[in-house]
Amino acid sequence: MTVAVALVPVVYLGVRTAEAGWARIAEELLTVRVAWLALRTLGLAALVTAGCLVLGVGSAFLVVRTDLPARRAFAILAALPLAVPTYIAAFAWRSTLDGFEGFWAAALVLTLCSYPYVFLPVAAALNGTDPAQEEVARSLGRSAWRTFTGVTLRQIRPALTGGALLVALYVLSDFGAVSIVRTDTFTRAIFVAFDLGFDRTGALVLSSVLVMLTMLILAGETASRRRGARYAHLGGVRRVPARLNLARMRWPAVLMLVALAGLSLGVTAVSLTHRMIQGASRPGAWAEVAAAMGNSLSLSLAGAALTMLLALPLGLLSAKAPGPSTTLLDRLAYLSHALPGLVIGLSLVSFGVTLAYPLYQTTWLLALGYAALFLPLAVTAVAGAAAQAPSILDDVARSMGKGPLVVLRTVTLPLTLPGIGAGAALVFLTCMKELPATLLLRPTGTDTLATELWTHTTVAAYAAAAPYAALLVVLSSVPTWLLTARTGILTRESSK
């Protein structure tokens, strides 16, 4: 059932693309425009990923491994850009600066919004690694820089590559930011082709190319992880690594982090605050905002609930019964994650009209779209938590005559609840920010904060859009804070 949900959009894309015939596919594919879109999209993904690695790793190291003042405050500030949808950040920057558009504008916005995808896992890894190997390297005469590049980065390599993968996939599938700053990538070209209705075959071919690019990135990341060495603390009480004394670099480091927070959060906050009062001062404005907020919360909760329900069996299977078949199922769940929200929406509209009409124009069809999009996020969270739970407890329960369902209810699920909670928070956050699928699948007359923001932004009504944007950021900051606390970098131990 779980994999079937993920495969619905992929099957739709394959069937609709094949209907065009190989001659038409080749005609659409082998063009200068497709080559240019591929170069621009991959170039944007590479540039943003590199920028996020620098900002994410640098911020994480300063917060976790140095005597930086107010480390916990800077940890929260470094994670909060995750709560800002890229289209809101692009809207804020463009409404503030005249002429803010193009490739470099998109790269700036996406980097400032996406570097928490690197910061959070790297900070958690730096907080949890055993310092013994670093201490040995220093005792052998290695400098702090050589120890960091030769030992520390190798220890946190899985977290670093995982964060980089999330950034690259996010950039490939981003639609809102590139549309607002008017830079052509695959997702914007796909939307224009579908929206205008002049070249749907071309849009399907572009979607197929995007899926292939994404799968190549996934394969490269998988191969990199297999080759990468991993280090773990195997027993005893975990020791806190020694803090690096920044000395004269302390206040320059503070200024750099303050500047980063100002660019990633300050511009958006100032722009929204400046325009929000004007936008909410017209009659009936707050009632419309409140209605959109209620719809956003209810739809996101439904999406998170359905996604976690579908992810639970696959996540537990991945953790408790690893093997080739499980790996195949896990990778199949990623296929729909590679598709733009627009293609997910169109595929489920077709699915609802032809095969599941009772679901058409209902909340649950949109929830199904959210599940198809964000299933890998939930599966990863569940599998990670289940893998950390001692399997011997399950064995003990079964040895006492408990059945599989009783063991699941009384042992496995309670131990996995923290991961389920973290996954639900992440899925809820992404559902709140999702735009293209929501535009297509929401029931008629049901407006959310994201769709209202998009409606006003497309006609340059920035003041009217500001209240929706501000409230969306505020609501998204709650699950972001929960995810930050989940990494362990806000604990008292991390601040010593």
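Here is a friendly conversation about a predicted model of one protein chain.

Colleague: Let's begin with the overall picture: how many helices and strands are there in the protein chain?
Modeller: This is a predicted model, so keep that in mind as we go. The protein chain has 496 residues, and buried residues make up 53% of them. As for its elements, the count comes to zero strands and 23 helices.

Colleague: What percentage of the contacts with a separation of 6 or more comes from residues 24 or more positions apart?
Modeller: A contact here means heavy atoms within 4.5 Å. Among contacts in the protein chain with a separation of 6 or more, the share from residues 24 or more positions apart is 83%.

Colleague: Which residues have the most contacts inside the largest nonpolar core?
Modeller: That core has 134 residues. Its largest share, 14 residues, comes from helix α18, which spans residues 363-388. The residues with the most contacts inside the core are Ile88 and Phe119.

Colleague: What is the handedness of the crossing of α3 and α6?
Modeller: The axes of α3 and α6 come within 9 Å and cross at roughly 40 degrees. The two helices are therefore oblique to each other. Their crossing is right-handed.

Colleague: How many charged residues are there in the contact of α3 with α6?
Modeller: On the α3 side the contact includes Arg40, Gly43 and Leu44, and on the α6 side it includes Phe103, Trp104 and Thr111. The residues of this contact divide into ten nonpolar and four polar, with the number of charged ones being one.

Colleague: Is Thr49 buried or exposed?
Modeller: Thr49 lies in helix α3. Leaving aside neighbours within four places in sequence, Thr49 is in contact with Ala164, Val167 and Ala168. Its relative accessibility is 13%, and so Thr49 counts as buried.

Colleague: How far apart in space are Leu429 and Ala304, C-alpha to C-alpha?
Modeller: Leu429 sits in helix α20, residues 404-433, and counts as buried at 1% relative accessibility. Beyond its neighbours within four places in sequence, its contacts include Leu82, Ser476 and Leu483. Leu429 and Ala304 are 125 residues apart in sequence, while their distance in space is 8.9 Å.

Colleague: What is phi of Ala70?
Modeller: Most residues other than glycine have a negative phi. Ala70 is in the loop between α3 and α4 and is partly exposed, with a relative accessible area of 49%. Its phi is positive, near 55 degrees.

Colleague: Where does Gln361 lie?
Modeller: Gln361 is not a glycine, yet has a positive phi of about 60 degrees. With a relative accessible area of 31%, Gln361 is partly exposed. Its place is the loop between α17 and α18.

Note on methods:
Residues numbered from 1 in each chain as written. Predicted model: local features only at pLDDT ≥ 70, side-chain atom pairs only at ≥ 80, totals over all residues. Heavy atoms only, no water. Core = buried A, V, L, I, M, F, W, Y, C linked by side-chain atoms within 4.5 Å. Buried < 20%, exposed > 50% of the residue type's maximum accessible area, 1.4 Å probe, protein only. Helix = DSSP H or I, 4+ residues; strand = E, 2+ residues; numbered from the N terminus. Axes fitted to C-alpha atoms, helices over the stretch in contact; angles between N-to-C directions. Parallel < 35°, antiparallel > 145°, perpendicular 65-115°, else oblique. Left-handed = near helix turned anticlockwise from the far one by under 90°. Nonpolar A, V, L, I, M, F, W, Y, C, P; charged D, E, K, R; others polar.
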